[in-house]
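Please read them with the model open.

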Amino acid sequence: MLVKGRWSHLRSVVPPALVLLALCTTSASIGATKAVPGIVEIETSLHYQGAVVFGTGIVLTSTGEILTNNHVIRGATSIRVTDLDNGRTYSATVAGYDISADLALLELRDASGLATIRLGHSTTMRIDDPVTAYGNPTGRLGTPISTADGRLVGIGKTIMVFGDDGGARSLTNVIETDAPILPGYSGGPLVDTRGRTIGIDTAGSPIFLLQEAAGRAVAVPIDVGRAVAAQIAAGRASAEVHVGPTAFLGVAIQSGRTRNGLTPGVTILKVVSGSPASRSRLRAGDVVTQLNGITIRNADDFESLMQTVKPGVAVTVGWTDSTGVSRSASIATTSGPPQ
């Protein structure tokens with residue numbers, strides 16, 4: 001994922017995109033080439049963060065179902081997608097996403113007859129197999145796709161990712177490669193020597209840091225991508241998979257930080273003007289400790305609970321204000337950016 005514009009750390013309003021730093025090697029090659037069929041370039045506008053994100057995606061169906069990384073569209077207020085086969089640009093909506101797998105399924109408006117990506121099976125790959133990553137590191141729609149060649153150096157790995165708020169989470173069962181993928185490759189295909197997609201490239205900016213050896217990048221296995229896309233398309237939400245619009249309160253949060261140091265709960269950094277939260281007594285500096293009666297330990301807890309709420313449904317928020325007084329309010333949510 002390539003980020004342009006002013007970046008501020010916002011979660012729940014527009015939670016920060018999961019961003020990984022892919023470290024390049026000197027032994028692999030990188031260059032521009034004609035892409036395999038079924039690749040798109042993605043431009044995501046993050047209105048609340050004052051930024052624009054660029055990434056890549058793959059076409060699953062001729063009617064415009066696009067698989068990409070969740071961090072490419074996280075916090076999106078609008079999405080444009082350019083199909084590199086027909087040269088057309090479409091607006092897109094988020095059908096659903098899986099934060100834990102870093103995957104999202106988009107639906108293009110008024111799309112038909114699109115060339116689709118050729119899918120393989122990640123389970124057939126072996127260490128040292130040659131691969132090529134495809135992506136858009138230029139930060140512009142409609143530009144020639146770039147490639148990065150390398151080999152598989154790890155399969156079934158668990159990678160820790162650290163955020164700028166001090167939080168950490170893991171990506172499990174990922175593929176590691178020494179192909180030097182760059183910001184903008186996120187969501188693009190990792191392809192074997194027969195032109196079959198075996199993974200979804202994951203790369204980005206240093207807002208979130210990947211704990212891994214230098215010279216290694218990661219990809220989500222395509223078998224995981226197939227399963228998540230099918231679940232979203234079927235409308236089957238679960239603890240990991242969110243389907244449809246995202247409930248929106250309008251607060252920017254940060255894990256466990258107050259004026260007095262670390263503490264359970266999430267600190268409100270900002271309340272968005274005109275949002276549901278702005279019509280309550282919530283203010284910047286307050287610490288949210290409960291949501292619908294459930295204790296909130298950190299931002300991940302908050303986001304996980306908000307994923308279970310449908311837009312338009314009220315949630316009961318419990319918090320401690322900046323003077324130490326405990327408060328509670330029922331706040332009706334609205335529809336907002338994906339997490």
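Predicted model: local features only at pLDDT ≥ 70, side-chain atom pairs only at ≥ 80, totals over all residues.

1. S238 is partly exposed, at a relative accessible area of 34%. S238 sits in the loop that runs between α2 (222–233) and β16 (241–243).

2. What does the side chain of S238 make a polar contact with? The partner is the side chain of Q231, at 3.1 Å. Please check this pair on screen.

3. Now the backbone. Most residues other than glycine have a negative phi. D102 is not a glycine, yet its phi is positive, at about 55°. D102 is found in the loop between β7 (89–98) and β8 (103–108). Is D102 buried or exposed? It is buried, with a relative accessible area of 0%.

4. D128 also deserves a look. It is a residue other than glycine, and its phi is positive, near 80°. The loop between β8 and β9 (130–135) holds D128. Here the relative accessibility is 48%, so D128 counts as partly exposed. The limit for exposed is over 50%, so 48% stays in the middle class. Taken together, D102 is buried, whereas D128 is partly exposed.

5. E41 is buried, with a relative accessible area of 0%. Where does its side chain reach? It goes to the backbone nitrogen of T143, at 3.3 Å.

6. Finally, the whole chain. The secondary structure comes to three helices and 24 strands. The protein has 339 residues, and 55% of them count as buried. D102 and E41 are among the buried residues.

7. Contacts and surface close the list. Take the contacts with a separation of 6 or more: residues 24 or more positions apart account for 68% of them. The accessible surface of the protein comes to about 13,200 Å². Carbon and sulfur atoms hold 51% of that surface.

Note on methods: Residues numbered from 1 in each chain as written. Heavy atoms only, no water. Helix = DSSP H or I, 4+ residues; strand = E, 2+ residues; numbered from the N terminus. Buried < 20%, exposed > 50% of the residue type's maximum accessible area, 1.4 Å probe, protein only. Polar contact = N/O pair within 3.5 Å; in protein donor to acceptor, adjacent residues only side chain to side chain. Contact = heavy atoms within 4.5 Å. Areas by Shrake-Rupley, 256 points an atom, 1.4 Å probe, with all protein chains shown as cover.
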